[in-house]
Amino acid sequence: MFLSLCYFVLTTLTGVDGWTYHISSKPMIWEEARRWCKTNYADLVVIRSHEENAYLNNSLPERDENYWIGIRKNNNNIWTWVATDELLLENESNWATNEPNNYNNNEACVEMYVKRLHGTGKWNDYSCQRSKTALCYKASCEPDSCSGKGKCVEAINSTKCECSPGYYGEWCESVVGCEEVGHPSQGFISCSPPSGNFSYGTECKFGCEEGYQLVGSKVIQCTAEREWSAVPPRCEVVQCRELESPVHGSIHCTHPLSNFSYTTECDFQCAEGFKLISSSKLLCGPCGQWNGSQPECTASCEPDSCSGKGKCVEAINSTKCECSPGYYGERCESVVGCEEVGHPSQGFISCYNSSGNFSYGTECKFGCEEGYQLVGSKVIQCTAEREWSAVPPRCEAHPKPALRTEVVAAAAGGGTVCLYITIWLSRRRRKMWKATVFFNT
Ligand SMILES: [Ca+2]
């Protein structure tokens, strides 16, 4: 009942936007006036500018008792807008001449003169217990007036949206956007929200396929400045450490994607006399690691490494020969030898060897001319100790034999008598075995 009587809307020029003002049809004391405003509208009026003050003075109907507005002394006796709890600024005030005068120390509320002959539109402090017309206001801004993307600013007969960064339009209903981005080569993209319009606030995450790595920011956002927070990243093939040809070996690589990168395959080979340690083939994996260590070529024992005269022992990058007795040299290629021996006087010599004259293993046989006999070993060998197995023999003359005549008389019957005379020709010399003869086997 009361509402219908007291309702008065001043602003009808431009729709419902902006503050609206409402006045009561009957006077009431300040506290009651405020309560009535708060119950039905927002609060007692807050006048934010001289322009607004003038507007009210022009628009409101004349009332003998004038209007209560929303200013009151606070607990510290400072004039305050009760609706906003903001202090009244000096340049906002519209006090009438010689006001506020706090008459009788009893003027804590403020009235506004409207359409008065003197001081119209001005303010006067007054006793709060006096009854005046309530002047209320109501704001048009609602929580979602600016689409939740801006600040709604009230003005007389209008509201205005001050849009948050990235939003525009009368009601901040539009959002700025960034340039469209796609997935990187050999990679993928995932944006949120996934609307695909790349508007302000969109966040895009990137990833790469196996064997590729992201270069740049993994996540970018579309900023209010219509630009991405960073340049979209790219995917680069993963690199492995560059491999080299092993010492005493060679390398051959195939690079399907890029030099020494994911899927590169390298084959290794070693020169003759060397062999590979570890695998002969390496592959660059998706994480930039070879699937093995860099191969090395190490010297290897071959069947003839030690000339067949020793044992080949392998060490790191080298081999070593442990030579059999009688042999020496890096590859046991040399053989020890014994002192040269010749034929004995009045004798002969023949030697057999396998390596060289008078070398280890040589076997020499001796003989003497007719009429001489061997004194010593008939056969000597050259030992691994570089010495002959025995002192070479010599030939000594037989004791001189007497000329012997043997007469053998046969029995009668045949009538034949045979006489054999054997003469040992001790002085006969044979010339043919004077030189040393070697038979190489
Ligand atoms: Ca006064």
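# A walk from loop to sheet

Strands here are DSSP runs of E with at least two residues, helices are DSSP runs of H or I with at least four residues, and both are numbered from the N terminus. What you are looking at is a predicted model, in which local features need pLDDT of at least 70 and side-chain atom pairs count only at pLDDT 80 or more, while totals for chains, interfaces and linings use all residues. Residues are numbered from 1 along each chain as its sequence is written.

Back to Asn77: this residue has a positive phi of about 65° although it is not a glycine. Is Asn77 buried or exposed? Asn77 counts as exposed because 9 other C-beta atoms lie within 10 Å. The rule is simple: a residue is buried if 20 or more other C-beta atoms lie within 10 Å of its own, exposed if 12 or fewer, and partly exposed in between, with the C-beta atoms placed from the backbone.

Asn102, in the loop between strand 5 and strand 6, also has a positive phi without being a glycine, with a value near 50°. Asn102 is partly exposed, because 13 other C-beta atoms lie within 10 Å. Pro100 lies in the loop between strand 5 (86-87) and strand 6, and a cis peptide bond with omega of about -5° joins Glu99 to Pro100.

Now step back to the whole chain. Three helices and 34 strands make up its list of elements. Of its 441 residues, 25% count as buried. Two residues are in contact if their C-beta atoms, placed from the backbone, lie within 7 Å. Among the contacts with a separation of 6 or more, 45% are between residues 24 or more positions apart.

Helix 2 (residues 30-40) gives us some buried residues to look at: Trp30, Ala33, Arg34, Trp36 and Cys37. They are on the same side of helix 2, because they cover an arc of only 160° around the axis. That arc is the one made by the directions from the helix axis to the C-beta atoms. What do the buried residues of helix 2 pack against? Their partners are strand 2 (43-44), strand 3 (67-73), strand 6 (109-112) and strand 8 (133-138).

Moving on from strand 8, you reach Cys146 in the loop between strand 8 and strand 9 (150-155). Cys146 counts as buried because it has 24 C-beta neighbours inside 10 Å. Leaving aside neighbours within four places in sequence, the contacts of Cys146 include Cys152, Cys161, Cys163 and Cys172. Glu170 is 24 residues from Cys146 in sequence, and their C-alpha atoms are 7.9 Å apart in space.

Our last stop is an open sheet of three strands, in the order 13-14-16, with antiparallel pairing. Strand 13 and strand 16 (219-221) stand at the edges with a single partner strand each, so one side of each has no neighbour in the sheet. On average, neighbouring strands of this sheet are turned by 20° against each other, direction ignored. Axes are lines fitted to C-alpha atoms (for helices, over the stretch in contact), and angles run from 0 to 180 degrees between N-to-C directions.

Strands pair if DSSP finds at least two bridges between them; strand 13 and strand 14 are joined by six. Ser192 stands opposite Glu203 in strand 14. A cis peptide bond, with omega of about -5°, joins Ser192 to Pro193, and Pro193 is found in the loop between strand 13 (187-192) and strand 14 (203-208).
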